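Good morning, colleagues. Please look at the structure on the screen while I take you through a few of its features.

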Amino acid sequence: MNYLVTGGSGFIGSHLVEHLLKNGHSVINIDNFDDFYDYKIKIKNTLESVGKTLEFSFHEKQLDIQKLIFETSIKDYQLYYQDIRNKEGLEKIFQKHKIDMVIHLAALAGVRPSIESPLEYAEVNIKGTMNLWELCKDFQIKKFINASSSSVYGNNEKTPFSEDDSVEHPISPYAATKKSGEILGHVYHHLYGIDMIHLRFFTVYGPRQRPDLAIHKFTKLISENKEIPFYGNGSTARDYTFIDDIIEGIHKSITHIESQNQVYEIINLGESQVINLNEMVETIENELEKKSIKKNLPLQPGDVEKTNANIQKAKTLIGYQPRTHFQNGIKKFVEWFLRNGS
Ligand SMILES: NC(=O)c1ccc[n+]([C@@H]2O[C@H](COP(=O)([O-])OP(=O)(O)OC[C@H]3O[C@@H](n4cnc5c(N)ncnc54)[C@H](O)[C@@H]3O)[C@@H](O)[C@H]2O)c1
């Protein structure tokens, strides 16, 4: 199969590309290497995802990405340095390739930064996503998997969070763009018969995790004996999901959407295991064999207090079965972190 993956040089995307290539598929990766975090990390992700181990000496972003495109020009893989906000640019790619399915992961993904630049988030996460649907409509591509987020639940009081809970009260622009994606996606499903699954990922972690996310940030700061920003009293909690379980969930969603017609589903992908901030920090401390130095700060606007996934639908509909206990996942993450020195 030919899969178009957007954001395939990011954290989750690079793992997905690796998985698809290992399973004998062809992948077209569209990524603009945006500056939300260092593009050099994305170059490394991309090389690893296609199994290249070469030493890459960095010069300047444009040149480095040209070199990367050359280095990764291998059978079954094509990288495009392309912004999803630019429909004409995307159209050329859709014209060139026969695409069986789009798996859309490209986004501006941070919660807190979305409060600073809400319009940019809307441009990428809503307009960029609609550009892809418009092209799916024009090119008769009928299968689409979209990355949504647990943040759509806002401060939902009922736990665990289920797909049929009301999500009318997002508390950050990021969350609102993700909910908009689910709603607009339904329009394209209804009008143009595009089968669609929106996956609500619950805080994903593991090797290659984004450096802005708490587990990665704290691991780095603790390992360097620096203060960690500790928001609230440590009781905020997350359903952390290990990257391998997320990739398994995407894999099972692909199988489901390929084998069915008239699909429109919203599915939680979590671990169904809630870890509070105190436990998260302690687990990292134990793996690093170092104590943290905490700088106590108030809770941040836009941050939800707790996430907790009800994954019953994922289990029954697609056969999702997450396997990674938090302690094991953190062990794997810290091992990766220490090997990579990042
Ligand atoms: N990591 C998590 O915990 C988490 C949780 C919920 C949802 N998600 C969603 O999963 C998806 C992947 O997240 P991630 O953590 O891998 O993030 P990431 O930032 O590592 O990956 C996103 C990729 O999209 C690319 N991108 C951004 N803007 C683009 C644009 N305008 N055009 C083309 N490419 C663009 C980036 O360069 C990056 O490589 C996102 O949609 C995110 O919202 C992630």
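This is a predicted model: local features need pLDDT of at least 70, side-chain atom pairs count only at pLDDT 80 or more; totals for chains, interfaces and linings use all residues.

**The largest cavity and its surroundings**

Three elements, α6 (118-138), β5 (143-149) and α7 (173-192), each supply at least two residues of the lining of the largest cavity. Helices here are DSSP runs of H or I with at least four residues, and strands are runs of E with at least two, numbered from the N terminus. Residues are numbered from 1 along each chain as its sequence is written, and side-chain values use heavy atoms, with hydrogens and water left out.

A cavity is a set of points, on a 1 Å grid over the protein atoms alone, where a 1.4 Å probe fits but cannot get out; lining residues have an atom within 4 Å of a point. How many cavities of 30 Å³ or more are there? The count comes to one. The largest cavity has a volume of about 50 Å³, a volume being the space filled by probe spheres set on the points, which are joined across faces, edges and corners. Helix α7 gives the most to this lining, with three residues. Among the lining residues are H104, N125, N146 and K178.

S114 sits in helix α5 (residues 112-116). Is S114 buried or exposed? S114 is buried, with a relative accessible area of 0%; buried means under 20% and exposed over 50%, with partly exposed in between, using a 1.4 Å probe and protein chains only. Its side chain reaches the backbone oxygen of V111 at 2.6 Å. Neighbours within four places in sequence aside, S114 is in contact (heavy atoms within 4.5 Å) with Y121, S172, P173 and Y174.

Next, a strand. In β11 (residues 264-269), five of the six residues are buried. Strand β6 (residues 195-201) runs parallel to β11, and six bridges join them; two strands pair if DSSP finds at least two bridges between them. One of these bridges has M196 with Y264 of β11 as its partner.

Finally, consider K291, in the loop between α10 (277-288) and β13 (293-297). K291 is exposed, with a relative accessible area of 65%. K291 and I222 lie 69 residues apart in sequence, yet 7.0 Å apart in space, C-alpha to C-alpha.

Conventions. A polar contact is a pair of N or O atoms within 3.5 Å; within protein, one must be able to donate a hydrogen and the other to accept it, and residues adjacent in sequence count only if both atoms are side-chain atoms. On a 1 Å grid over the protein atoms alone, a cavity is a set of points where a 1.4 Å probe fits but cannot get out, and a pocket is an open set with protein on both sides within 12 Å along at least five of seven lines; lining residues have an atom within 4 Å of a point.
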